[in-house]
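Subject: Two-chain model, handover and findings

Hello,

Here is the structure I promised to pass on. Please open it alongside this note.

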Amino acid sequence: MKRFTSWRLFLLSALVTFLLSGCGEPYVSALKPAGEVAQKQYELILLSTAIMILVILVVTVLFVIVLIRFRRKDDRIPEQVEGNTKLEIIWTVIPIILLLILAIPTVKGTFALADMSGTDKEGAVVVNVRASLYWWEFEYPNEGIVTSQELVLPTDERIYFHVTASDVKHSFWIPALGGKLDTNPDNVNSFWLEIDSEAAEEAGNLFYGKCAELCGPSHALMDFKVRAVSREEYERWVEGMKAVTEPKEPETALAKKGQEVFNEKGCISCHAVTAANTAPAEARIGPNLTDFGERAFVAGILENNREEIKRWLRNPEKVKPANKMTGTYEPLTEEELEALAEYLMSLKVTE
Amino acid sequence: MSSYAQKRGFLATLWDYLTTVDHKKIAVLYLVAGGFFFVLGGIEAILIRVQLAVPNNDFLSADMFNQVMTMHGTTMIFFAAMPLLFALMNAVLPLQIGARDVAFPFVNALGFWMFFFGGIFLNLSWFLGGAPDAGWTSYASLSLASEGKRIDFYTLGIQISGFGTLMAGINFLVTIINMRTTGMTFMRMPMFTWTTFVASALILFAFPPLTISIFFLIFDRLFGSQFFNVEMGGNTIIWEHLFWIFGHPEVYILVLPAFGIFSEVISIFSRKRLFGYASMVFATVLIGFLGFMVWAHHMFTTGLGPIANAIFAVATMAIAVPTGIKIFNWLLTMWGGSIKLTTPMLYALGFIPSFVIGGVTGIMNAASMADYQYHDTYFVVGHFHYTILGGVVFAILAGLHLYWPKMFGTMLNETLGKITFWLFFIGFHLTFFVQHFLGLMGMPRRTYTFLEGQGLETGNMVSSIGAAFMAVGAIVLVINIIITSVKNQKVGNDPWEDGRTLEWSVSSPPPHYNFKQLPLVRGIDAYWIEKMEGRKEMTPAEPLGDIHMPNSSFIPFMISFGLFVAAFGAMYRPDYSWGLPVLVGGLVITFGSMLIRSLKDDHGHYIKKEELMDDSDKGVQA
């Protein structure tokens with residue numbers, strides 16, 4: 001019996017794998033795992049789905065037989081059966097066994113994913129995530145730098161996250177890399193993720209991250225991105241970030257004008273263009289823009305190009321309703337927008 | 001002249017319903033009010049699916065979407081599913097145990113009016129500055145940050161109706177414990193009575209935590225307390241705990257009565273007694289008990305740590321065992337039976353595979369490590385709609401068709417009923433099955449839109465098409481009700497011909513006093529036993545005598561109305577000087593009405609033996 005069951009389980013999981021593969025885009029789907037954590041979770045999803053399909057099959061077979069065989073044909077009164085102890089024991093015990101098969105890997109995995117023992121190791125990548133309406137800040141405490149909206153992470157090693165929120169609850173989720181963790185305003189939650197370099201390549205080395213806890217009108221648009229890079233590239237990025245201790249001097253005249261707009265219109269009072277994490281978190285009220293020119297997206301959702309930057313700055317309310325930037329600055333002229341876009345696109349650290 | 005007479009007739013009827021304490025009329029009130037809110041919640045659901053049919057849609061603004069989404073969930077749980085179940089419980093339960101009414105008819109009416117005014121209060125928010133927008137769970141950090149009066153409509157509305165629910169639960173408990181007729185032992189009670197009994201016990205224990213957490217939120221928002229304000233030392237996670245200590249048992253408060261209805265339906269239309277009755281009772285009680293042990297599976301990603309997560313994961317899985325027992329018992333009830341495919345039976349048959357899917361995805365959710373992926377995504381949305389729609393709403397629709405003759409004395413049209421079922425069944429699976437995949441493909445729940453290029457387009461479109469099927473199904477149901485009511489063809493005691501329990505032994509609808517003489521129960525399925533022995537009616541357990549019945553009263557309406565007024569006062573007190581007097585005035589109405597109730601003797605009235613003898617048997621005009 002037991003062997004029969006496991007044989008069926010195997011067949012089912014093969015079937016399930018086949019059905020689930022090809023579901024969703026590799027950069028945003030939990031069904032296309034791209035790291036150790038997502039992989040573990042994916043395997044548990046497969047196992048549970050297989051067990052559950054088995055249950056559904058058994059019920060369906062009984063159900064169909066009942067429907068075909070026992071339809072009313074005449075006016076007979078069927079025998080009034082009270083019950084059957086043997087049967088009732090069987091359908092109590094078998095589910096318990098199935099649940100045990102599921103419970104063991106669940107408990108094991110739950111503890112494995114909470115293992116934060118590597119945090120303090122030399123050279124470990126630690127990221128403090130702070131969620132705010134509707135953007136994300138990523139502080140690398142060991143490197144002493146801050147970035148926003150786009151995480152840069154090395155592949156093939158564990159990354160340790162400490163997540164919190166500065167206003168309301170949000171939830172930090174990168175579907176292809178692993179399950180989510182709530183960012184509470186009350187406390188700091190911790191977990192780890194890992195990116196597999198081969199899977200990352202398939203996904204174009206850019207993963208989509210999302211807010212998974214209702215946080216207000218633009219909850220749906222509170223996206224961020226994860227740039228998966230090799231260890232060397234990651235270190236180069238860190239060095240580049242660290243090197244920006246003073247706001248970078250723009251090269252073109254237009255960009256220079258953009259910088260003036262940036263300073264005069266008050267953008268700089270919320271948006272830092274240097275990477276150091278010296279200011280306290282409460283003072284960092286808008287996304288850090290130090291490497292803005294290298295990010296793939298504007299505001300987490302628009303493609304990063306001149307037109308989209310201008311569209312965002314012209315009227316952010318239209319792009320992200322109820323965001324906190326709307327109305328904090330005087331309307332910008334087309335010239336100023338052009339200059340600002342040029343300036344922002346020039347903010348790069350690895351070139 | 002005739003219009004004057006009609007008008008008086010209408011007003012008299014209205015007054016009759018405003019003051020009634022008769023469980024059968026209160027059932028009608030619950031049905032009408034619950035049905036109204038069900039339509040509202042349904043319209044909100046359709047708006048949601050229209051908005052999400054295509055990416056980047058601007059049919060609803062982000063802010064409006066959050067209001068619609070919040071109101072859909074809140075309305076469906078608190079103001080549609082629960083009152084509709086209460087409608088069926090009120091209509092049938094006293095009949096099933098051979099009682100003339102519930103234990104506290106006055107409280108029964110009070111419970112209804114509390115629910116009703118709570119629901120009206122909540123929905124007035126649409127016209128007074130916007131509806132609640134923090135989700136039906138109203139998590140503390142967001143609900144504190146929400147501006148205007150929106151969340152206050154939620155807290156005060158839920159609070160008022162919650163009192164009503166608590167009263168209803170206690171009332172059913174006392175009724176079942178004390179009012180069973182001779183021979184109706186606990187282990188002879190019909191399954192719907194049993195599930196109502198356990199669900200009522202759950203209400204008794206689950207609603208106080210909700211009341212407390214809602215009070216905390218009311219105080220935080222209106223009176224400057226700091227229970228959930230992190231900056232002042234408050235804690236938002238406490239809200240999550242309190243809410244789900246209520247919220248998870250709430251799921252079983254809804255689904256256990258649904259199980260009860262299906263047990264009746266399957267047994268009736270298979271012409272067989274319920275297979276494994278004792279284990280069904282045991283499973284019901286066990287589900288009710290375990291229902292309180294698993295709330296933190298809604299909080300796997302809150303950061304409680306691996307120990308709590310592992311414990312709650314395993315505890316949650318345990319619930320699958322008694323639920324599985326029930327499913328197999330239903331299948332074995334049908335096995336060897338004589339199945340007649342009536343509309344209620346179709347719903348029961350549709351329920352089994354649908355609920356099994358909802359149940360197994362529940363087990364998948366219970367696997368904490370995997371749930372980190374499912375949590376707060378469309379996977380969860382798919383899962384709980386399979387349980388609540390495939391379980392509870394199917395049960396309500398089955399119960400509605402089954403008991404319509406008992407409530408109104410006329411049968412709903414079977415053809416239209418079956419059309420409704422198929423539209424609903426197909427639409428339901430189209431809408432929600434694909435949502436499991438949407439969630440795993442990276443779509444969080446409660447999002448007002450989704451962006452292109454993430455592979456979410458097809459699934460969302462399919463889901464929206466499914467919703468349209470259900471909408472058409474609901475319209476057919478309404479047409480069916482109208483046609484049936486206009487035709488109004490009266491039926492006899494046992495219109496389905498296979499009735500097994502006491503409610504089918506009395507006329508449809510039953511007389512005001514239900515039973516001229518309380519019946520004697522000789523076993524499970526009491527009426528079936530008598531039928532099988534060739535008798536047409538129950539053996540009486542008492543001689544014919546005067547029947548004591550309660551008087552109608554307008555006081556329940558006034559008590560509830562006072563709270564409704566007071567809620568407006570409490571809400572506008574921080575902004576307007578008239579707020580405080582209105583708050584006090586409302587409370588004066590409530591407590592004054594209670595005082596009158598306490599001081600004024602009301603001994604009810606007697607229906608004289610002679611009158612009862614005059615009524616020709618079962619020809620009683622209802």
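Predicted model: local features only at pLDDT ≥ 70, side-chain atom pairs only at ≥ 80, totals over all residues.

**Chain A overall**

Chain A has nine helices and 12 strands. Of the residues in chain A, 55% count as buried. Take the contacts between residues at least 6 apart in sequence: 67% of these join residues at least 24 apart. The accessible surface is about 15600 Å², and carbon and sulfur atoms hold 58% of that in chain A. On charge, chain A carries 37 positive and 50 negative side chains. The centres of those two sets lie 9 Å apart.

**Strand β1 of chain A**

Have a look at β1(A), residues 125-132. Seven of its eight residues are buried, so the strand is largely enclosed by the rest of the structure. The cut-off here is under 20% relative accessible area.

Which strands does β1(A) pair with? One is β5(A), residues 158-165. The two run parallel and are joined by seven bridges. Within that pairing, A:Val125 has A:Ile159 as its bridge partner. Another is β2(A), residues 135-140. Here the strands run antiparallel, with five bridges. A:Ser132 stands opposite A:Trp135 of β2(A).

The link from β1(A) to β2(A) is a hairpin through two residues. A:Tyr134 lies in that loop. The peptide bond from A:Leu133 to A:Tyr134 is cis, with omega near -25 degrees. Please check that spot by eye.

**Chain B overall**

Chain B comes to 20 helices and two strands. How does its radius of gyration stand against the globule rule? For 622 residues a compact globule would have a value near 25 Å; chain B has 24 Å, which agrees. The C-alpha box is roughly 70 × 65 × 55 Å along the principal axes. In chain B, 64% of residues count as buried. Of the contacts with a separation of 6 or more, 82% come from residues 24 or more positions apart. The accessible surface of chain B is about 21000 Å², with 70% belonging to carbon and sulfur atoms. There are 34 positive and 37 negative charges in chain B, and their mean positions are 8 Å apart.

Start with the loop between α16 (457-487) and α17 (526-532), where B:Pro509 is found. A cis peptide bond joins B:Ser508 to B:Pro509, with omega about -10 degrees. B:Asn514 is in the loop between α16 and α17 too. B:Asn514 has a positive phi of about 65 degrees, although it is not a glycine. Is B:Asn514 buried or exposed? At 2% relative accessibility, B:Asn514 counts as buried.

Then go to the loop between α15 (414-440) and α16, which holds B:Arg446. B:Arg446 is not a glycine, yet its phi is positive, at about 60 degrees. The relative accessible area of B:Arg446 is 8%, so this residue is buried.

Regards

Technical notes: Residues numbered from 1 in each chain as written. Chains lettered and ligands numbered in written order. Heavy atoms only, no water. Buried < 20%, exposed > 50% of the residue type's maximum accessible area, 1.4 Å probe, protein only. Helix = DSSP H or I, 4+ residues; strand = E, 2+ residues; numbered from the N terminus. Pairing = 2+ DSSP bridges. Rg over C-alpha atoms; globule rule 2.2 N^0.38 Å. Contact = heavy atoms within 4.5 Å. Areas by Shrake-Rupley, 256 points an atom, 1.4 Å probe, with all protein chains shown as cover. Lys, Arg positive; Asp, Glu negative; His and termini not counted. Charge placed at Lys NZ, Arg CZ, Asp CG, Glu CD.
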